[in-house]
Amino acid sequence: MLAQARGVGKTFRSGTIEATVLKNVWLEVRTGELALLMGPSGSGKTTLLCVLSGLLRPTTGEVDLCGVPISRLPDRTAGEVRRRNVGFVFQTYNLFPALSALDNVAEVLALKGMALDQARSVARSSLVRVGLADRLEHRPGELSGGERQRVAIARALAGDPSLIFGDEPTAALDRQTGLEVVELLKNQVNEGRGVLLVTHDVRLMQFADRVIEIEDGQIVRDEAVRSAAARTQAGAL
């Protein structure tokens with residue numbers, strides 16, 4: 001079990017105004033699976049992702065992250081648990097435009113306390129892993145959208161996380177590039193990690209092991225499905 005929500009609710013307050021975004025959510029994110037979190041805009045997908053990762057505290061209920069109950073931990077302690085265990089991939093790449101691909105990954109590792117030489121070595125290995133061995137010294141402006149997202153994935157993987165969260169990671173990409181990016185994330189599942197992606201893109205279901213649907217802050221579907229790889233394997237038997 002990589003992440004678990006137990007009876008989670010989230011209410012945002014501004015003065016006398018309250019907006020309840022999550023309502024009594026029970027959810028598990030497991031190792032060895034790529035799960036899609038789907039639902040209409042405003043249904044609570046991104047809020048749930050932030051609560052599961054500890055970026056937001058639930059108003060009610062409890063959250064465990066990699067076996068640690070983080071809901072009531074001090075922010076700094078919860079942040080340390082998150083940094084050790086979670087990698088993030090977003091729709092916007094959040095890369096430093098003045099830095100090379102290599103330095104974009106290495107800088108994040110250095111900020112976490114890794115020695116610069118080691119950070120650059122780890123960053124290089126991570127970028128090679130996502131197919132960017134020939135783009136190490138290119139800046140974001142010299143890369144395609146798909147390549148920039150690969151840099152973002154390399155950055156997420158560089159800390160060797162157990163769990164990867166993605167928030168619409170293919171939304172800014174064309175169809176083929178988006179599928180290539182998700183296949184890359186699917187490979188992380190095959191290496192023993194867990195992946196949870198917020199998405200509107202039904203084409204990604206061919207890679208999914210599990211589909212979770214949320215509406216009006218509540219889980220309305222949580223179903224195991226067979227991925228494309230599993231169907232191919234079954235057809236070969």
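My entries follow, grouped by topic.

**Ground rules.** I am looking at a predicted model, in which local features need pLDDT of at least 70 and side-chain atom pairs count only at pLDDT 80 or more, while totals for chains, interfaces and linings use all residues. Residues are numbered from 1 along each chain as its sequence is written, and side-chain values use heavy atoms, with hydrogens and water left out.

**The sheet.** I started with the strand order. There is an open sheet of 4 strands, E2-E1-E4-E5, paired antiparallel. The edges are E2 and E5 (68-69), each of which pairs on one side only. For the labels: helices (H or I, at least four residues) and strands (E, at least two) are DSSP runs, numbered from the N terminus. Two strands count as paired if DSSP finds at least two bridges between them. As a reminder to myself, strands of a sheet pair through backbone hydrogen bonds, either parallel or antiparallel.

**E1 and its partners.** How many bridges join E1 to E2? I find 9 between E1 (residues 3-14) and E2 (residues 17-29), which run antiparallel. The two strands make a hairpin with 2 residues between them, and Gly 15 in that turn has a positive phi of about 65°.

I checked where its side chain ends up. The charged end of Lys 10 sits over the ring of Phe 12, 5.2 Å from the ring centre. The test I used was NZ of Lys or CZ of Arg within 6 Å of the ring centre and within 35 degrees of the ring normal.

**Asp 64.** Buried here means under 20% relative accessible area, exposed over 50%, and partly exposed in between (1.4 Å probe, protein chains only). Its side chain makes a polar contact with the side chain of Arg 6, at 3.0 Å. Such a contact is a pair of N or O atoms within 3.5 Å; within protein, one must be able to donate a hydrogen and the other to accept it, and residues adjacent in sequence count only if both atoms are side-chain atoms. Leaving out residues up to four places away in sequence, Asp 64 touches Leu 2, Ala 3, Gln 4, Arg 6 and Pro 69. Contact means heavy atoms within 4.5 Å.

**H1.** I then looked at the helix on the sheet. H1 (residues 45-53) is mostly covered, with 8 of its 9 residues buried. Among the buried ones are Leu 48, Leu 49, Val 51 and Leu 52, but also Lys 45. Gly 54 comes after H1 and has a positive phi, near 85°.

**Rings.** I counted 2 aromatic pairs in the structure. Phe 88 and Phe 90 have ring centres 5.7 Å apart and planes at 5°, so they are stacked. Phe 88 and Phe 165 have centres 6.1 Å apart and planes at 35°, so that pair is tilted. This second pair links distant parts of the chain, with Phe 88 in E6 (residues 86-90) and Phe 165 in E7, 77 residues apart. The criteria: rings of Phe, Tyr and Trp (its six-membered ring) pair if their centres lie within 6.5 Å; planes under 30 degrees apart are stacked, over 60 edge-to-face, and the rest tilted. Together Phe 88, Phe 90 and Phe 165 form a cluster linked by ring pairs. Phe 88 and Phe 165 are both buried, whereas Phe 90 is partly exposed at 31%.

Which loop holds Asn 94? Asn 94 lies between E6 and H3 (101-111), and has a positive phi of about 55° although it is not a glycine. Asn 94 is partly exposed at 46% relative accessibility. Glu 168, in the loop between E7 and H6 (175-190), is another non-glycine with a positive phi, near 50°. Glu 168 is buried, at 11%.

Asp 160 is in the loop between H5 (145-157) and E7 (163-167). At 53% relative accessibility, Asp 160 counts as exposed.
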